[in-house]
Amino acid sequence: MKISSVVSAAVAVGLGVFVVSAVQAGEASGRIAPHAERWEARIGGGIYDAGVFVPHDFNGGTLNGEILAPSPGFLAWLGSPRPYVGADVALSSDPVHFLYAGLNWEARLTGGLYVGFSAGGSVNTGRHIGPRDLGSNVLFHLQASAGVDVTESTAFQVYFNHFSNAELAGANDGFENAGARLVLRF
């Protein structure tokens, strides 16, 4: 197993433990799922093939967009995560685009500052990025984010996306990107 896969798994488990702990500690205080009842659109951009767990073979940008739905009541026991769907459209000489979906958790730290974690799945337009092999066109999607509310309906956020097959396919070079985006709630 590659070191990057072990580190990625550790980060995912750590974020999961954080979410569960935050749910238990902050559910009554309103710190968990501060925007669970609202729709949200996120749009921005970032750096293609950037991250700490994969090699940096390519340069370029990515356009990122997501839509988050209000949390359905039956997910309250999980901390009221919101379903999301998103896309990364690569702007590079060897682009691979990603469409992803899953559940998003958020916890308010203080005032308008919050952190988020998303977990789900993705499909991508290419299994190979140059010499790197993603192992599959269907991958897991993990996302970490941090944001600050500017108003009740707008925020700015930084994000980090990780795509991997978690060593379930023969190859697992993984892919990452990071960036910033505007958040609009309605």
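The legends below describe close-up views of a predicted model.

The model is predicted, so that local features need pLDDT of at least 70 and side-chain atom pairs count only at pLDDT 80 or more, while totals for chains, interfaces and linings use all residues. Residues are numbered from 1 along each chain as its sequence is written, and side-chain values use heavy atoms, with hydrogens and water left out.

**View A. Eight strands form a closed barrel with antiparallel pairing.**
The order of the strands is β1-β2-β3-β4-β5-β8-β9-β10, where a strand is a DSSP run (E, at least two residues) numbered from the N terminus, and two strands pair if DSSP finds at least two bridges between them. From one strand to the next the twist averages 25°, taken between lines fitted to C-alpha atoms, with angles running from 0 to 180 degrees between N-to-C directions.

**View B. Strand β9 pairs with β8 and with β10.**
Strand β8 (residues 138-149) and strand β9 (residues 154-164) run antiparallel and are joined by 10 bridges, and in this pairing Gln143 has Asn161 of β9 as its bridge partner. The pairing of β9 with β10 is also antiparallel, over 10 bridges, and here His162 stands opposite Glu176 of β10.

**View C. Strand β1 meets strand β10.**
Nine bridges pair strand β1 (residues 40-48) with strand β10 (residues 175-185) in the antiparallel sense, and the bridge partner of Ile43 in β10 is Leu182. Strands of a sheet pair through backbone hydrogen bonds, either parallel or antiparallel.

**View D. Ser164 is a buried residue of strand β9.**
Ser164 counts as buried because its relative accessibility is 11%, where buried means under 20% relative accessible area, exposed over 50% and partly exposed in between (1.4 Å probe, protein chains only). The side chain of Ser164 reaches the backbone nitrogen of Ala166 at 3.0 Å. Neighbours within four places in sequence left aside, Ser164 is in contact (heavy atoms within 4.5 Å) with Leu139, Phe140 and Asn172.

**View E. Pro95 lies in the loop between β3 (82-91) and β4 (98-110).**
With 36% relative accessibility, Pro95 counts as partly exposed. Apart from neighbours within four places in sequence, Pro95 is in contact with Tyr48 and Ala90, and its C-alpha atom is separated by 9.7 Å from that of His128, 33 residues apart along the chain.

**View F. The largest nonpolar core has 13 residues.**
Such a core is a set of buried Ala, Val, Leu, Ile, Met, Phe, Trp, Tyr and Cys residues joined through side-chain atoms within 4.5 Å. Among the residues with the most contacts inside this core are Tyr48, Phe98 and Phe163, and the elements that give two or more residues to this core are β3 and β4.

Conventions:
Helices (H or I, at least four residues) and strands (E, at least two) are DSSP runs, numbered from the N terminus. A polar contact is a pair of N or O atoms within 3.5 Å; within protein, one must be able to donate a hydrogen and the other to accept it, and residues adjacent in sequence count only if both atoms are side-chain atoms.
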